[in-house]
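Have the sequence and the coordinates open as we go.

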Amino acid sequence: MKIHGCIFCQVAAHEKTAKILYEDEHCIAFQDIHPKAPVHLLVIPRKHITSLNDNLDDDKALLGHLMTVVGRMAKEQGIDGTGYRAVINTNAEAGQTVFHLHIHMLGGRILNWPPG
């Protein structure tokens, strides 16, 4: 289901431009427009889920698929061996700015801990 005004729904529907690196019937992966690492991709479900708090029991397979795509993209980007981080920010205090569930995949440099 597409939500009017959601920029990630618009990217998934090809209504907004993004550098798309992967897509299938369930999700899409594209480069972040404000990268925080040499490799910074977003993996989003085509289905609009506002945040991790809003997933349903029906979404279990979808969430697993998203993580599988993160791993696939890490391999394609050549960072699976050196390391990468997969992050889901949930709600504003955690840094979520687009309220459509998405996984940040970051790599290509040393990532410090704790993150911010």
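Q: In which loop is His14 found?
A: His14 sits in the loop between α1 and β1. Do keep in mind that this is a predicted model.

Q: What makes His14 count as partly exposed?
A: Its relative accessibility is 47%. Buried means under 20% and exposed means over 50%, with partly exposed in between. Because 47% falls between those cut-offs, His14 is called partly exposed.

Q: Which value makes the phi of Asn91 worth a look, and where is the place of Asn91?
A: Asn91 is not a glycine, yet its phi is positive at about 75°. Its place is the loop between β4 and β5.

Q: Why is Asn91 called partly exposed?
A: Asn91 has a relative accessible area of 34%. Buried would need a value under 20% and exposed one over 50%, so Asn91 is partly exposed.

Q: Why does Ser51 count as buried?
A: Ser51 has a relative accessibility of 2%. The cut-off for buried is under 20%, so Ser51 qualifies. Ser51 lies in the loop between β3 and α2. Leaving aside neighbours within four places in sequence, Ser51 is in contact with Thr90, Asn91, Gln96 and Leu101.

Q: How do you know that β4 and β5 pair?
A: Two strands pair if there are at least two bridges between them. β4 and β5 (residues 103-107) share 4 bridges in the antiparallel sense, so they count as paired. Among the partners, Tyr84 is bridged to Gly107 in β5, and Val87 stands opposite His104.

Q: What makes β3 and β5 a pair?
A: The reasoning also rests on bridges: at least two are needed, and β3 and β5 have 5, in the antiparallel sense. One of the bridge partners is Ile103 in β5, which goes with Val43.

Q: Why are β1 and β4 called edge strands?
A: The 5 strands form an open sheet in the order β1-β2-β3-β5-β4, with antiparallel pairing. β1 (20-23) and β4 (84-87) each pair on one side only. From one strand to the next, the twist averages 20°.

Q: What lies across the sheet strands, and at what angle to β3?
A: Helix α2 (residues 60-77) lies across β1, β2 (27-31), β3 (39-45), β4 and β5. α2 runs at about 155° to β3.

Q: How do you know that both faces of β5 are covered?
A: In a regular strand the side chains alternate between the two faces of the sheet. In β5, Ile103, Met105 and Gly107 on one side and His104 and Leu106 on the other are all buried. That is 5 of its 5 residues.

Q: Which residues lie nearest the centre of the largest pocket?
A: Asp32, His34, His40, Leu42 and His104 lie nearest the centre, within a lining of 31 residues. The pocket holds about 720 Å³ of space. The lining divides into 14 nonpolar, 12 polar and 5 charged residues. α1 (7-12) gives the largest share, 3 residues.

Q: What kind of peptide bond joins Trp113 and Pro114?
A: The bond is cis, with omega about 0°. Most peptide bonds are trans. Pro114 is found in the segment after β5.

Key
Residues are numbered from 1 along each chain as its sequence is written. This is a predicted model: local features need pLDDT of at least 70, side-chain atom pairs count only at pLDDT 80 or more; totals for chains, interfaces and linings use all residues. Side-chain values use heavy atoms; hydrogens and water are left out. Helices (H or I, at least four residues) and strands (E, at least two) are DSSP runs, numbered from the N terminus. Axes are lines fitted to C-alpha atoms, for helices over the stretch in contact, and angles run from 0 to 180 degrees between N-to-C directions. Contact means heavy atoms within 4.5 Å. On a 1 Å grid over the protein atoms alone, a cavity is a set of points where a 1.4 Å probe fits but cannot get out, and a pocket is an open set with protein on both sides within 12 Å along at least five of seven lines; lining residues have an atom within 4 Å of a point. Grid points are joined across faces, edges and corners, and a volume is the space filled by probe spheres set on the points. Ala, Val, Leu, Ile, Met, Phe, Trp, Tyr, Cys and Pro count as nonpolar, Asp, Glu, Lys and Arg as charged, and the others, Gly among them, as polar. Buried means under 20% relative accessible area, exposed over 50%, partly exposed in between (1.4 Å probe, protein chains only).
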